[in-house]
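My notes follow the order in which I checked things.

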Amino acid sequence: KATVSVLNCILTESSSETHTMLRGTIALALCMCCALSAEAGSIVEVAESTGVHTALVAALQKAGLVSTLEGPGPFTVFAPTDAAFKAAKIDLDSFDTPAKVAQLKDILLYHVHAGKVAASAITDGETIIMGNGVPATLSVKDGAVKINGAAVTKADVMASNGIIHVIDAVLLPAPAPVPSESGASSHTVVIVAAVVGGVAAIAAVVGGVMVMRRRRDGYQAVPSA
């Protein structure tokens, strides 16, 4: 109130031209103050507000990662849309055991990077380590950013504790090689996770031979004989 009184006093004693200029300056300052006070929420809160990340938020809740992404960060989150979850045929109800919930958590952490990375700072061929310790590769072509082949459809969505890049596919981390009983790999087993046309494809390479079988709901690795 005291500030308003002082401003009114200044305006009263000013000329008409100065009066108009001061009013414009004050209005601009008030708009800036309002913008600063309306600070973006946390990454989870921003994701909840987009209207296209319902599945992502539900998955974060199921995996117990909400409190993590509401922490100070900063984080960079590559956020798959609801359409991406549907294309990947991820049914959250199927993660109904502790082991499966841990698997879901691993998938979600593969979308989180510790640190704030704006789209303008990404370089072609850059590799970053995700929250589950597995690297992901970024590419930039004609200004379009991709991560492991998934396209960033909306970049630099700001949050109070980081930044969100909306992507059109779910990223699948590559599991570690399967060891033999002696502790060493008796044969090479490599699981490759890729994104093809928005649909997750998983191939198993056993003994250097890739074997895949297409199912109605995606691709399934066929064990080597």
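**Notebook: helix packing and backbone**

I began with the overall inventory, and the protein has seven helices and 11 strands, where helices (H or I, at least four residues) and strands (E, at least two) are DSSP runs numbered from the N terminus. This is a predicted model, in which local features need pLDDT of at least 70 and side-chain atom pairs count only at pLDDT 80 or more, while totals for chains, interfaces and linings use all residues. Residues are numbered from 1 along each chain as its sequence is written, and side-chain values use heavy atoms, with hydrogens and water left out.

I next looked up burial, and 33% of the 225 residues count as buried, meaning under 20% relative accessible area, with exposed being over 50% and partly exposed in between (1.4 Å probe, protein chains only).

I then turned to α7, residues 98-109, which has 12 residues and reaches 16 Å from its first C-alpha to its last, close to the 16 Å expected at 1.5 Å a residue; the expected span is 1.5 Å times one less than the number of residues. Which residues of α7 are buried? I found Leu 104, Ile 107, Leu 108 and Leu 109, and these pack against α4 (54-63), α6 (82-87) and β2 (112-114).

The axes of α4 and α7 come within 9 Å and cross at roughly 130°, the axes being lines fitted to C-alpha atoms over the stretch in contact, with angles from 0 to 180 degrees between N-to-C directions. The two helices α4 and α7 are therefore oblique to each other, since angles under 35 degrees count as roughly parallel, over 145 as roughly antiparallel, 65 to 115 as roughly perpendicular and the rest as oblique. In the contact (heavy atoms within 4.5 Å), Leu 56, Ala 59, Leu 60, Lys 62 and Ala 63 of α4 meet Val 101, Leu 104, Lys 105 and Leu 108 of α7.

Last, I checked the backbone, bearing in mind that most residues other than glycine have a negative phi and most peptide bonds are trans. The peptide bond from Gly 73 to Pro 74 is cis, with omega near 0°, and Pro 74 lies in the loop between α5 (66-69) and β1 (75-80). Lys 89, in the loop between α6 and α7, has a positive phi near 55°. Asn 148 also has a positive phi, of about 50°, and I placed Asn 148 in the loop between β5 (144-147) and β6 (150-159).
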